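Here are my notes for your review. Please read them with the structure open.

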Amino acid sequence: MKKTAAFIGALAAFSAMFSTAHAATLEARDCWVRAMPPNLPSSGYFVVANDGDKPATLTAADTPAFGMTMMHKSENKGGTATMSPVASVDVPAHGTLQFAPKGYHLMMEEPGKPLKIGSTIPLTLSFADKSSVKVDCAVKSAATLGK
């Protein structure tokens, strides 16, 4: 009986350790969203850090503050600026992925209500392994160029 109890205790401790280690693998930070007039799309930016040993694949972003949130990438090809949707983006192992102006970003359409500068909105990032990370995003002026 004592061996069974010791085994169950060790298994519980291992499970807790694994859950904590897995939960700490991905972190989102520095999230912000441009406050735009309701008839115009907004954009969102953030950093995802992956301290795990394997790359993670970001597959979606969602917020109740907007009816539609899509991942896009802006590029400059031969002096012509282009923007296209992306289905997924990899976050390298022991690295970061930055969504920033003139690069990867979120296109956010159909706001539920006007955004107030200085407030925050919740954002959930979803990954191919079915995990998710939540982050609060600061609402900033449309003229903001960085964090």
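1. Ser43 contacts. Ser43 touches Trp32, Val33, Arg34, Leu106 and Met108, leaving aside residues up to four places away in sequence. Contact here means heavy atoms within 4.5 Å.

2. Basis of the notes. This is a predicted model, in which local features need pLDDT of at least 70 and side-chain atom pairs count only at pLDDT 80 or more, while totals for chains, interfaces and linings use all residues. Residues are numbered from 1 along each chain as its sequence is written, and side-chain values use heavy atoms, with hydrogens and water left out.

3. Ser43 in its setting. Ser43 sits in strand β2, residues 42-50 (helices, H or I with at least four residues, and strands, E with at least two, are DSSP runs numbered from the N terminus). Ser43 has a relative accessible area of 9%, so this residue counts as buried (buried is under 20% relative accessible area, exposed over 50%, partly exposed in between, with a 1.4 Å probe and protein chains only). The side chain of Ser43 also makes a polar contact with that of Tyr45, at 2.8 Å (a pair of N or O atoms within 3.5 Å; within protein, one must be able to donate a hydrogen and the other to accept it, and residues adjacent in sequence count only if both atoms are side-chain atoms).

4. Salt bridges. The count is 4 (a side-chain nitrogen of Lys or Arg within 4 Å of a carboxyl oxygen of Asp or Glu). One of them pairs Lys73 with Glu75 at 3.7 Å, N to O. Lys73 is partly exposed at 26%. Glu75 also bridges to Lys77, at 3.7 Å, N to O. Glu75 is partly exposed at 31%, whereas Lys77 is exposed at 52%. Shared partners also join Glu27, Arg29 and Asp30 into one salt-bridge network. Within it, Arg29 and Glu27 meet at 3.8 Å, N to O. Arg29 is partly exposed at 32%, and Glu27 is partly exposed at 44%.

5. How many cavities of 30 Å³ or more does a search of the whole structure find? The search finds 1 (on a 1 Å grid over the protein atoms alone, a cavity is a set of points where a 1.4 Å probe fits but cannot get out; lining residues have an atom within 4 Å of a point). The largest cavity has a volume of about 50 Å³. Its lining includes Met36, Pro37, Phe66 and Lys113. The lining residues divide into 8 nonpolar, 1 polar and 1 charged.

Notes: 1 Å grid on protein atoms, 1.4 Å probe; cavity = no way out; pocket = protein on both sides within 12 Å on 5 of 7 lines; lining within 4 Å. Points joined across faces, edges and corners; volume = space filled by probe spheres on them. Nonpolar A, V, L, I, M, F, W, Y, C, P; charged D, E, K, R; others polar.
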